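Please look over the sequence and the model below before reading on. The paragraphs after them are meant to be followed with the coordinates open.

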Amino acid sequence: MDHRLFTARRLVALACALAATGVHAANTLTGFALLPANTFAPGPTSGQLTAPSNGVTPPYVNQQPVQGFSAVLNGPVAGSYFVMPDNGFGNIANSPDYLLRMYAVAPQWRTASGGSGTVTPLHYVTGAPQPSFNTSTFIQLRDPDQRLGFNLVANQTNYPGSSIPVDPQLKANRWLTGGDLDIEAVRQDRNGNLWFGDEFGPFLVKTDATGKVLRSEIALPNSTGTGGAPLVQSPQNPYVAPGQNNLRGSNGFEGLAIDTSGNKLYTLLEGPLIPDADQKRLIINEFDLATEAYTGRTFGYKLDPKGTNIGDMTAINDHEFLVIERNGIQGTQPNAADMFKKVYKIDLNKVDANGFAEKTEVVDLLNIADPNDLNGDGRLTFDFPFVTIEDVLVVDAHTLLVINDNNYPGNGGRTTVGPDNTEFILVSLDQRLAVAPIPEPETYALMLAGLGALGVAARRRRRQG
């Protein structure tokens, strides 16, 4: 059959199906790529404090899982990305041997005209394709100058809560782990420095372009005064007394955006403050990069009646932002019909009497047109049925990149016989975003200089090897 005729028939079938259901799904899947769940990079043995899950049995000897991804930035070359896993295996107790990293990757998009649909590891500095995830493909967060004020895993003899000795490399390099921070977001400033949003504090953590910590962690002031405590603190905060937290666990910084002028960061909590009478209110705080301090300006984000958490936040321009909102239901659960996964646009220039930013739906991630069946499931609509979707990036005024966090190896959004893969998708929007140039890694000369140091170090390692 002629390919064009086949495609035309599929489009007609899609239109008829949508008309029959009354569903409007003009947002269209235009690119798909997949990174297999069981993808690893070199490193000290990990998973020693975790239990088997989804048919996967730890530990991972001399390896670190590459996934799951909780943040994404533009990468070293066009069409590439830096992706950031979070704290590892889900909590502070089971992740002290999981190293905090950022990787460079390039999706080989499957599109209407073909493509492999795979994800290629890249050299973190040059963007050159690599045969596998090796030491050139990532940077590693570390605190060699002892800037952070709390007791790190690297300071300890054994991994906390165990008799397992801390890996000597981890101690010597003072690498940061998921027992220290739960990094859920990252942005890069105009000087090339990285700012990580952490859930345990919640803290902001500043590093250089290579991942070296530059200053002490920055706590979050309770700028709204809700409940009266001076700071917002989760149960995992190393400075909070037991029972004195005013934020639930895993409700710290999930969203972190930088305005397009590169002057301000905007932090967004994943969940509400415990004392807040409105448990659908999430707080956005403004942070000034020049003074490295919070300004005291706050905004409210109003969760949908079906929404329970946010997954990411990124800038469109200086006052408009995209936010992923979801609930905790995934596709393989009996109540999958109650799933809620959407991307909204908020406008900080339009705030109502209760302090909530104006909010407009952009994408229903459970209802995306897929006329070319790019993910190969035999359907003409595409859904993203994962419990956690934590990566969104503006590609252009009409296109978004979205990636799931597969919480390796624990999730089961598409399958119950193994861990979810990581899916990269390109969504063509049925609306135009008012996009301004967003500060990203390749725009900063100082960042490139910092990464150049990584290249020198890599060459030295090769010569020494």
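What follows is a walk through this predicted model, from one asparagine to the nonpolar cores and then to the salt bridges.

When neighbours within four places in sequence are left aside, the residues in contact with N94 are L49, T50 and F89.

The largest nonpolar core has 24 residues, and those with the most contacts inside it are M102, L176, L181, V186 and F196. At least two residues of this core come from each of strand 4 (69-74), strand 5, strand 6, strand 9 (183-188), strand 10 (194-198) and strand 11 (203-207), with strand 6 giving the most, namely 3 residues. Beyond its neighbours within four places in sequence, L176 is in contact with a set of residues including Y98, L99, L100, L141, L148, L152, L181 and V213. Apart from this core lies another, of 23 residues, among them L322, F384, I389 and L429.

Turning to charged residues, side chains of opposite charge can pair when their charged atoms come close, and the structure holds 17 salt bridges. In one of them, K212 pairs with D145, their closest N and O atoms being 3.6 Å apart. Because K212 lies in the loop between strand 11 and strand 12 (218-221) and D145 in the loop between strand 8 (138-140) and helix 2 (168-173), the pair ties together parts that are 67 residues apart in sequence. K212 is partly exposed, at a relative accessible area of 25%, and D145 also counts as partly exposed, at 37%.

Another salt bridge joins K264 to D288, with 3.4 Å between the closest N and O atoms; K264 lies in strand 15 (residues 264-269) and D288 in strand 16 (residues 281-288), so this pair ties together parts that are 24 residues apart in sequence. D288 is buried, with a relative accessible area of 14%.

Where do E325 and K359 lie? E325 is in strand 19 (residues 320-326) and K359 in strand 21 (residues 357-364), 34 residues apart, and the closest N and O atoms of their salt bridge are 2.7 Å apart. E325 is buried, with a relative accessible area of 0%, whereas K359 is partly exposed at 24%. Finally, D377, R379, D383, R414 and E423 are linked in a network of salt bridges.

Notes: Residues numbered from 1 in each chain as written. Predicted model: local features only at pLDDT ≥ 70, side-chain atom pairs only at ≥ 80, totals over all residues. Heavy atoms only, no water. Contact = heavy atoms within 4.5 Å. Core = buried A, V, L, I, M, F, W, Y, C linked by side-chain atoms within 4.5 Å. Buried < 20%, exposed > 50% of the residue type's maximum accessible area, 1.4 Å probe, protein only. Helix = DSSP H or I, 4+ residues; strand = E, 2+ residues; numbered from the N terminus. Salt bridge = Lys/Arg side-chain N within 4 Å of Asp/Glu carboxyl O.
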